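Morning, everyone. One model today, and I'll keep it brief.

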Amino acid sequence: MLNGSDAKRRKVYFVSLGCPKNQVDTEVMLGVVQNEGCEIVDEAGKADTLVVNTCGFIDAAKEESVDTILELARVKEQTRAKLVVTGCLSQRYPDELAAEMPEIDHLLGSSDMLGLKDILRGSGVHRAVSPLGRNAYLYDHAAPRRLSGSLHRAYIKIAEGCDRPCAFCIIPKLRGPQRSRTVESVVTEATQLAAQGVKEVCLVGQDLTTYGTDLSERGFPTANLEELLDALADVEKLVWIRLHYAFPTTTRGAIIDRIVSHAKIASYLDVPLQHIDTQVLRRMRRGYGETQVRQLVDDLRSRAPRIWLRTTMLVGHPGESETAFQRLCDFVEEGQIDHLGVFPWSREDGTPSALLPDRVAPEVATARAEQLLGIQDRVRERRFAELVGTELTVMIDGESDESEYLLDARHEGQAPEIDGKVIVCDLAAEAGEQRTVKIIASETHDLVASADLERLIEERD
């Protein structure tokens, strides 16, 4: 650890880009900073160490990462701070970044977040980008993690990397092969977070449904997602356990049964379907077709009619004809999807899709994404309108950006920051508390609710 005078002088500024999995990595680095006795500041100009945790998944993410690096490089010119670039972009392009951006003082790969300690101590090398094998670093319950943002909710990364061969995806090259944490490690971290006041944990990984398949190969006891959910449901003080990124063909009935039977497991599932057209899915190397997609949706709806389903769709993949896209539009129009994200295909070097013929023009792919989101907006408007007049249990997130007299909240079917919110009137409550509210209005992405409980009781009687 730095001595007293150095600790007072050392100030660190962070920018975290990309997905929730990246946020967890950033929070581990925040813990490193804290353990080293340094101060985390919220203005780049006040720092002597600038850290950006990058995303390198698609073109837009890479551009955002490069723009952020250049922005911090300009700050460095004024302050002489050290510039540290970490994460997926560093993992993917270490040589290119080192050669083309001499402003960068240190590069850390996607599994090298603990290397920030050496940088803060003045002993870090220019490039510390480790190869990503089955034994690459995997954070666990003992990692020096410090939560950022709202303290009543947290992401828990139960596995890192991915073994799937999806043609469009660069994740295995950015994050390596799948590496699952043990059940004991995940439950210990969840217990620690609950003791700190966390009420909701969102389980993330590239593919939750193959959790544990690699454990025996790495010398650990075998486990699966069902066993993990059973163990997490026993953690006291947790209110919601939310599942993100379940793969369609491995979303087993036993997993759905856990969502239905465990009160703490939110009636919510994030399953990236990517498409409905069988030929497009075949070109994507997803391992399933339209029949399997429909069977999964039917199974979800029959076992848990009120489960909230989130998915993502990829449009403009090579070979996506107008007919295939129209099939996708028709599927979304059916209204089975509650929350939808849509992305136009991005050509990523090193992926099989990058070599495929029959490419869709970028402007056409963008137009298709906008069209599909427009269809989903109409679906959401209909579904949200059906909620007006009903009562829901919500978790308070805090004061609303709309007004200091309103509170932002979410019901069980809304994940943090991506699925909209419930704006609550006439209520005083702290973040993390649960309340029963009545939905009084709906918008495309948000709901408006009243918390006048006495009136609710009177109306019910």
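I'll take the pockets, then a few strands.

This is a predicted model: local features need pLDDT of at least 70, side-chain atom pairs count only at pLDDT 80 or more, and totals for chains, interfaces and linings use all residues. Residues are numbered from 1 along each chain as its sequence is written, and side-chain values use heavy atoms, without hydrogens and water.

Pockets. On a 1 Å grid over the protein atoms alone, a pocket is an open set of points where a 1.4 Å probe fits, with protein on both sides within 12 Å along at least five of seven lines; lining residues have an atom within 4 Å of a point. Volume is the space filled by probe spheres set on the points, joined across faces, edges and corners.

The largest pocket holds about 1,300 Å³. Its lining has 46 residues, with Cys19, Lys21, Phe57, Tyr245 and Phe343 nearest the centre. Which helix gives the largest share of that lining? α2, with 4 residues. Helices here are DSSP runs of H or I, at least four residues; strands are E, at least two; both are numbered from the N terminus.

The second largest pocket holds about 240 Å³. β1 (11–16) and α2 each supply at least two of its lining residues. Among the lining residues are Phe14, Gln23 and Arg146.

Now strands. They pair if DSSP finds at least two bridges between them. β16 (407–411) and β17 (422–425) run antiparallel, joined by 3 bridges. Leucine 407 partners valine 424 there. β17 also pairs with β19 (447–450), parallel, over 4 bridges. In that pairing, valine 422 partners leucine 447.
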